[in-house]
Amino acid sequence: MPLKPFQGTLGVAPPDGYFPPLKPGVTSSVPPGPHAGNVDLSEMSEGSTMYIPVWQKGGLIFTGDSHAVQGDGEISLTALETRMQELRIRVTLHKQKEFAWPIAETATHWIILGLDKDLNNAMTLAARNAISFLSSRAKLTPLDAYALCSIAVSFRVTQVVDIVRGVHALIPKNLFTGGLRREMAVV
């Protein structure tokens with residue numbers, strides 16, 4: 001089986017009230033959300049980027065849940081789990097950038113997330129977030145962005161096991177010309 005290592009969990013402290021704390025000052029790292037976290041997004045392999053909104057002072061970055069390989073959907077609460085001998089990440093704070101949800105980026109795609117306890121709601125969120133991304137960055141009307149999502153954007157179930165279900169939308173960068181593609185940069 002070909003390996004494709006990635007961190008299943010990379011996030012910051014969640015917004016206040018997103019989930020009840022386990023005890024005062026302690027939050028579970030299991031459910032992903034607008035703070036990223038345990039998204040189990042296999043596209044987050046070497047060379048990828050995750051833009052995460054910061055919800056708490058200092059960000060409070062955490063990572064873990066190393067996978068050697070995992071298919072989309074993670075249905076059994078496990079992948080081919082491993083440990084990373086070395087993990088190198090670069091953290092950059094982009095001030096004055098406002099994100100409501102994490103956005104991932106690879107060389108070939110922008111990846112928009114939708115996360116909710118209900119899979120249908122996660123899909124709706126992924127679609128709405130993709131439409132918002134396209135309409136704000138590609139200068140499309142929301143209806144044109146909606147149509148483009150149906151025509152050319154792939155929606156995949158990221159996971160169903162970590163309390164919250166995940167759907168990610170893969171927007172191919174090759175749909176856009178070089179100039180527009182550069183204008184659509186997340187930061």
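Glu86 and Arg88 are both exposed, and the two side chains form a salt bridge in which the closest N and O atoms are 2.6 Å apart. This pair belongs to a predicted model, and a search of the whole structure finds 5 salt bridges. Three of them, with the N to O distance for each, are set out below.

| Glu86 | Arg88 | 2.6 Å |

Because Asp72 lies in the loop between strand 4 (62-69) and strand 5, while Arg156 belongs to strand 8, the pair ties together parts that are 84 residues apart in sequence. Asp72 is partly exposed, with a relative accessible area of 35%, and Arg156 is likewise partly exposed, at 37%. The two residues are also members of a network of salt bridges that links them with Glu43.

**Helix 1 and its surroundings**

Helix 1 covers residues 119-137, and its 19 residues reach 27 Å from the first C-alpha to the last, close to the 27 Å expected at 1.5 Å a residue. At the N-terminal end the helix is capped by Asp118, a side-chain oxygen of which lies 2.8 Å from the backbone nitrogen of Asn120.

Which residues of helix 1 are buried? They are Ala122, Ala126, Ala127, Asn129, Ala130, Ile131, Phe133, Leu134, Ser135 and Arg137. As background to such a pattern, an α-helix has 3.6 residues a turn, so residues three or four places apart point the same way. The cover over the buried residues of helix 1 includes strand 6, strand 7, helix 2 (142-152), strand 8 (154-162), strand 9 (164-172) and helix 3 (178-183).

Ser135, a residue of helix 1, has a side-chain polar atom that lies 3.3 Å from the backbone oxygen of Ser132. When neighbours within four places in sequence are left aside, Ser135 is in contact with Leu140, Thr141, Pro142 and Ala145.

**Loop residues between the strands**

Not counting residues up to four places away in sequence, Trp101 touches Gly33, Pro34, Tyr51, Pro53, Leu115, Leu125 and Asn129. Among these, Tyr51 is 50 residues from Trp101 in sequence, while the C-alpha atoms of the two are 8.6 Å apart in space.

Thr106 lies in the loop between strand 6 and strand 7 (109-116) and is likewise buried, at 16% relative accessibility. With neighbours within four places in sequence set aside, its contacts are Glu43, Ser48, Ile111 and Lys173; Glu43 is also one of the residues of the salt-bridge network described above.

Ile89 is found in the loop between strand 5 (80-81) and strand 6 (103-105), where it is partly exposed, with a relative accessible area of 44%. Together with Ile61, Leu87 and Val91, Ile89 forms a nonpolar patch on the surface, and these four residues have about 360 Å² of accessible area together.

**Positive phi values**

Is Leu60 buried or exposed? Leu60 is exposed, with a relative accessible area of 53%, and it lies in the loop between strand 3 (49-51) and strand 4. Although Leu60 is not a glycine, its phi is positive, at about 60°. Glu74, another residue other than glycine with a positive phi, has a value near 20°. This residue is found in the loop between strand 4 and strand 5, and Glu74 is buried, with a relative accessible area of 6%.

Terms used:
Residues are numbered from 1 along each chain as its sequence is written. This is a predicted model: local features need pLDDT of at least 70, side-chain atom pairs count only at pLDDT 80 or more; totals for chains, interfaces and linings use all residues. Side-chain values use heavy atoms; hydrogens and water are left out. Patches are made of residues with over 30% relative accessible area and no salt bridge: like charges are joined within 9 Å, nonpolar side chains (Val, Leu, Ile, Met, Phe, Trp, Tyr) within 5 Å. Accessible areas come from the Shrake-Rupley method with a 1.4 Å probe; for residues, only the protein chains shown count as cover. Helices (H or I, at least four residues) and strands (E, at least two) are DSSP runs, numbered from the N terminus. Buried means under 20% relative accessible area, exposed over 50%, partly exposed in between (1.4 Å probe, protein chains only). Contact means heavy atoms within 4.5 Å. The expected span of a helix is 1.5 Å times one less than its number of residues. A polar contact is a pair of N or O atoms within 3.5 Å; within protein, one must be able to donate a hydrogen and the other to accept it, and residues adjacent in sequence count only if both atoms are side-chain atoms.
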